[in-house]
Amino acid sequence: MIVVGLTGSIGMGKSTAAGMFRELGVPVNDADEVVHELYRGEAVAPVEAAFPGVAKNGVIDRAELSRRLVAAPERLGELERIVHPLVRERERQFLAQQKAAGAPFVLLDIPLLYETKAEARVDRVVVVTCDPEKQRERVMKRPGMTAEKFAMILARQVPDSEKRARADYIIDTSDSFDVTREQIRAIVDELRAAG
Ligand SMILES: CC(C)(COP(=O)(O)OP(=O)(O)OC[C@H]1O[C@@H](n2cnc3c(N)ncnc32)[C@H](O)[C@@H]1O)[C@@H](O)C(=O)NCCC(=O)NCCS
Ligand SMILES: Nc1ncnc2c1ncn2[C@@H]1O[C@H](COP(=O)(O)OP(=O)(O)OP(=O)(O)O)[C@@H](O)[C@H]1O
């Protein structure tokens with residue numbers, strides 16, 4: 001089974017690209033999605049213990065957690081130490097299930113692939129990128145986004161130029177969805193032939 005890592009900085013179009021891999025029948029494990037699920041289950045108690053008041057009606061309020069982190073960015077590392085091992089465990093379960101099902105290749109959507117040294121766990125890396133102005137424009141349109149939050153997240157991420165330099169494949173989402181879909185189809189065809 002070939003394990004492909006998908007990464008890209010905030011707002012580059014990673015989730016959109018992951019969705020297109022899914023449409024082509026590729027099994028995808030999305031780390032951001034896993035975090036959001038954990039915030040409705042397993043991670044609620046430890047995160048609430050570290051950041052009292054962020055759990056509301058038994059789930060972590062991400063907007064509130066973000067506000068706390070923007071006020072104290074040095075605490076993001078503490079949050080990561082709680083969340084990342086749980087994310088990693090979910091990834092292991094996903095890989096075991098897919099292997100048992102005989103999948104020829106799978107995609108791990110890992111936003112912090114280079115930052116967390118996850119590169120060692122994958123066979124190939126696909127980096128999603130776009131023009132930096134387009135990235136800012138997309139991100140700033142999101143509800144609840146602020147310049148401070150954007151800056152906090154960007155500061156934790158390996159620069160886009162370095163990601164591109166280390167990639168096996170690059171998907172540029174600056175153009176239309178159709179152009180992106182074609183780039184993804186070509187990658188999937190090549191990997192299916194290789195697997
Ligand atoms: C800060 C939080 C509360 C913001 O939640 P929100 O719903 O507004 O944003 P979302 O989770 O969709 O993330 C937005 C973008 O920021 C990136 N991002 C999130 N956390 C981090 C981080 N610790 N370092 C770098 N980038 C990050 C995401 O990959 C995504 O590209 C949330 O992202 C979080 O709890 N992060 C810590 C867990 C983590 O490290 N997740 C990254 C993937 S495992
Ligand atoms: N190929 C494309 N052409 C045009 N717009 C795109 C393309 N890909 C993504 N977009 C748009 O860019 C925005 C950001 O995309 P998406 O949510 O996939 O990014 P992301 O990298 O997953 O973001 P985050 O890292 O914050 O989760 C969305 O509004 C999406 O519609």
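A residue is called buried if 20 or more other C-beta atoms lie within 10 Å of its own, exposed if 12 or fewer do, and partly exposed in between, with the C-beta atoms placed from the backbone. Everything below comes from a predicted model, where local features need pLDDT of at least 70 and side-chain atom pairs count only at pLDDT 80 or more, while totals for chains, interfaces and linings use all residues. Residues are numbered from 1 along each chain as its sequence is written, and chains are lettered from A and ligands numbered from 1 in the order in which they are written.

View 1. Helices (H or I, at least four residues) and strands (E, at least two) are DSSP runs, numbered from the N terminus. Is G13 buried or exposed? G13 has 22 C-beta neighbours inside 10 Å, so it counts as buried. Leaving aside residues within four places in sequence, G13 is in contact (C-beta atoms, placed from the backbone, within 7 Å) with G8, V128, C130, T173 and T180. T16, by contrast, sits in helix α1 and is partly exposed, because 15 other C-beta atoms lie within 10 Å. The UniProt record, an unreviewed entry, puts a "binding site" at G11, M12, G13, K14, S15 and T16. Its positions are given in the numbering used here, feature names are shortened, and annotations may be inferred rather than shown by experiment.

View 2. Which of the 15 residues around ligand 2 come nearest? They are G13, K14, S15, T16 and T180; a residue counts as near if its C-beta atom, placed from the backbone, lies within 6 Å of the molecule. Sorted by class, the shell around ligand 2 has four nonpolar, eight polar and three charged residues. Here Ala, Val, Leu, Ile, Met, Phe, Trp, Tyr, Cys and Pro count as nonpolar, Asp, Glu, Lys and Arg as charged, and the others, Gly among them, as polar.

**View 3. Now for ligand 1 and the 18 residues around it.** I10, A31, R62, P111 and R156 come nearest to ligand 1. Helices α2 (31-38), α4 and α5 (76-101) each bring at least two residues to the shell. The largest share is from α5, with five residues. By class, you'll find twelve nonpolar, two polar and four charged residues around ligand 1.

**View 4. Helix α4 (residues 62-71) meets helix α7 (residues 147-155).** Their axes come within 10 Å and cross at roughly 75°. These axes are lines fitted to C-alpha atoms, for helices over the stretch in contact, and angles run from 0 to 180 degrees between N-to-C directions. The two helices are therefore roughly perpendicular, a label for angles of 65 to 115 degrees. S66, L69 and V70 of α4 and E148, K149 and M152 of α7 make the contact.

**View 5. I184 lies in helix α9.** I184 counts as buried because it has 24 C-beta neighbours inside 10 Å. Not counting residues up to four places away in sequence, I184 touches A17, M20, F21, L24 and I171.

**View 6. N57 lies in the loop between β3 (55-56) and β4 (59-60).** Phi of N57 is near 50°, a positive value in a residue other than glycine. N57 is exposed, since 5 other C-beta atoms lie within 10 Å.

Key
Angles under 35 degrees count as roughly parallel, over 145 as roughly antiparallel, 65 to 115 as roughly perpendicular and the rest as oblique. Two residues are in contact if their C-beta atoms, placed from the backbone, lie within 7 Å.
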